[in-house]
Amino acid sequence: MKSLREELWFETKERVEFINITPRVEDVVRRSGVKEGMVLVNAMHITASVFINDDERGLHADMKRFLERLCPFEPTSQWRHNDTGEDNADAHLKRQLFGREVVVAITAGKLDFGPWEQIFYGEFDGRRRKRVLVKVIGE
Amino acid sequence: MKSLREELWFETKERVEFINITPRVEDVVRRSGVKEGMVLVNAMHITASVFINDDERGLHADMKRFLERLCPFEPTSQWRHNDTGEDNADAHLKRQLFGREVVVAITAGKLDFGPWEQIFYGEFDGRRRKRVLVKVIGE
Amino acid sequence: MKSLREELWFETKERVEFINITPRVEDVVRRSGVKEGMVLVNAMHITASVFINDDERGLHADMKRFLERLCPFEPTSQWRHNDTGEDNADAHLKRQLFGREVVVAITAGKLDFGPWEQIFYGEFDGRRRKRVLVKVIGE
């Protein structure tokens with residue numbers, strides 16, 4: 001069995017931002033030499049997500065508005081987590097809804113994707129350095 | 001390491017429909033010859049989910065009503081994604097909440113399930129041909 | 001390829017309760033002897049979740065309040081699943097939002113975690129014996 005582990009680092013300009021990381025994951029898979037296997041891609045922070053959906057600007061705007069309506073940032077005093085001095089309870093909840101990780105099949109050395117699948121880093125409490133783990137296993 | 005890859009195809013009659021695919025996944029696992037490993041089952045489209053829950057009609061009605069309340073199809077003009085000419089922004093969001101994929105353990109050649117676990121294809125924008133990927137790895 | 005399978009059992013005092021199971025998962029990984037691979041941790045029941053987030057009491061209170069607002073337990077008659085004689089439709093939905101499973105990378109024999117990642121068993125219909133599956137694969 002082969003394996004490869006890499007970290008992808010981010011520092012977003014906005015508090016909430018989605019970044020298409022598909023090419024970077026493809027590059028790790030290529031360098032792993034794995035032809036048949038799986039790749040795990042997960043946020044290493046608990047106020048961020050990794051998810052698969054469409055790379056369409058209007059949809060991303062809908063997603064951000066939807067999450068903000070369900071888990072509003074303000075007033076920050078509505079969340080007990082923020083009694084600790086943090087202000088990011090909403091980001092922890094947004095991440096719960098959008099998920100921590102994706103697992104993608106590798107077939108013939110490539111990400112085994114449907115026509116529109118793209119992998120996103122979903123940042124919900126950005127403007128500082130955070131990272132994603134990519135772990136490939138297979139043969 | 002052994003691996004097997006198969007696609008399951010669907011064309012639902014309703015726009016939103018849940019289909020129990022457990023027997024079809026079991027069949028792929030059996031044919032893979034894998035005794036110890038994992039199977040990844042994921043929607044290959046970004047307006048559909050694969051999830052594990054109960055095969056109970058009342059629960060499925062609750063799930064559909066719940067998702068429709070959170071992410072309503074109409075009015076379609078409420079979503080910026082639909083400015084592109086699409087009408088399925090709600091389906092992209094419903095899929096985010098119910099997830100893209102499941103990973104199931106394979107033990108002694110079988111899906112290693114609790115008493116009520118069943119795998120569902122969750123279609124949120126149906127009435128056309130769409131598919132699920134089943135990828136088995138192990139020994 | 002090596003593999004190890006273990007069950008973790010729980011019987012919570014409250015109907016909804018979150019339990020940090022990170023040390024128990026670490027212990028299974030250690031005993032598996034796997035140095036590079038993945039561990040799947042999933043609820044074997046469909047009214048419970050396994051998820052990764054922060055071990056902070058205020059955040060857990062926020063999560064419980066958030067889920068109760070979206071998927072209220074009472075009135076139980078609002079859910080068609082409860083027409084079967086059950087009263088736990090809300091728990092099935094809460095589990096959908098928080099997810100069934102996590103997959104964690106194993107690197108150099110350890111859970112490959114960011115600084116605050118902790119694994120939780122999320123019980124939504126407790127006060128009875130229920131379990132989680134831990135499945136390790138790798139080399």
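A residue is called buried when its relative accessible area is under 20%, exposed when that value is over 50%, and partly exposed in between. The model discussed here is predicted. By this criterion A:Asp90, with a relative accessible area of 0%, is buried. A:Arg15 is also counted as buried, at 13% relative accessibility.

**Salt bridges**

Side chains of opposite charge can pair when their charged atoms come close. Over all chains, a search of the whole structure finds 51 salt bridges. The table lists four of them.

| Salt bridge | N to O distance |
|---|---|
| A:Arg15 and A:Asp90 | 3.0 Å |
| B:Glu6 and B:Arg31 | 2.7 Å |
| B:Glu36 and C:Lys135 | 2.5 Å |
| C:Glu117 and A:Arg100 | 2.7 Å |

A salt bridge joins the side chains of A:Arg15 and A:Asp90. This pair links distant parts of the chain, 75 residues apart: A:Arg15 belongs to the loop between strand S1 (2–10) and strand S2 (17–20) of chain A, while A:Asp90 belongs to helix H3 (residues 89–98) of chain A.

In chain B, the side chains of B:Glu6 and B:Arg31 form a salt bridge. B:Glu6 is located in strand S1 (residues 2–10) of chain B and B:Arg31 in helix H1 (residues 22–32) of chain B, so the pair ties together parts that are 25 residues apart in sequence. B:Glu6 is partly exposed, at a relative accessible area of 22%, and B:Arg31 is likewise counted as partly exposed, at 45% relative accessibility.

A salt bridge is also formed between B:Glu36 and C:Lys135. Because B:Glu36 lies in the loop between H1 and strand S3 (37–43) of chain B and C:Lys135 in strand S8 (residues 130–138) of chain C, the pair joins two chains. B:Glu36 is partly exposed, at 23% relative accessibility, whereas C:Lys135 is buried, with a relative accessible area of 0%. Elsewhere, salt bridges that share partners connect A:Arg15, A:Glu68, A:Asp90, A:Lys94, A:Asp125 and A:Arg128 into one network.

**The sheet of chain B**

Five strands of chain B form an open sheet in the order S1-S8-S3-S5-S6, with antiparallel pairing. S1 and strand S6 (110–111) of chain B stand at the edges and have a single partner strand each, so one side of each lacks a neighbour in the sheet. Strand S5 (residues 101–107) of chain B runs antiparallel to S6(B), and two bridges join them. B:Ile106 has B:Leu111, in S6(B), as its bridge partner. H1(B) packs on the sheet and touches S1, S3, S5, S6 and strand S8 (130–138) of chain B; the direction of H1(B) makes about 155° with that of S1(B).

**Chain arrangement and interface**

Chain B is superposed on chain A by a rotation of 120° with 0.0 Å of shift along its axis (RMSD 0.0 Å). The two copies are therefore related as by a three-fold rotation axis. Within chain B, B:Leu97 has the C-alpha nearest the axis, 3.4 Å from it. The copies use different surfaces, as 20% of the contact residues of chain B recur in chain A.

The contact between chain C and chain A takes 34 residues from chain C and 30 residues from chain A. The area buried between these chains is about 2600 Å², and carbon and sulfur atoms give 61% of it. C:Met38, C:Asp62 and C:Phe66 supply 20% of the area that chain C buries against chain A, more than any other three residues. Three salt bridges are found across the interface of chain C and chain A.

How values were computed: Residues numbered from 1 in each chain as written. Chains lettered and ligands numbered in written order. Predicted model: local features only at pLDDT ≥ 70, side-chain atom pairs only at ≥ 80, totals over all residues. Heavy atoms only, no water. Least-squares fit on C-alpha atoms with pLDDT ≥ 70 in both. Contact = heavy atoms within 4.5 Å. Salt bridge = Lys/Arg side-chain N within 4 Å of Asp/Glu carboxyl O. Helix = DSSP H or I, 4+ residues; strand = E, 2+ residues; numbered from the N terminus. Buried < 20%, exposed > 50% of the residue type's maximum accessible area, 1.4 Å probe, protein only. Pairing = 2+ DSSP bridges. Axes fitted to C-alpha atoms, helices over the stretch in contact; angles between N-to-C directions. Buried area = accessible area lost by both parts, 1.4 Å probe.
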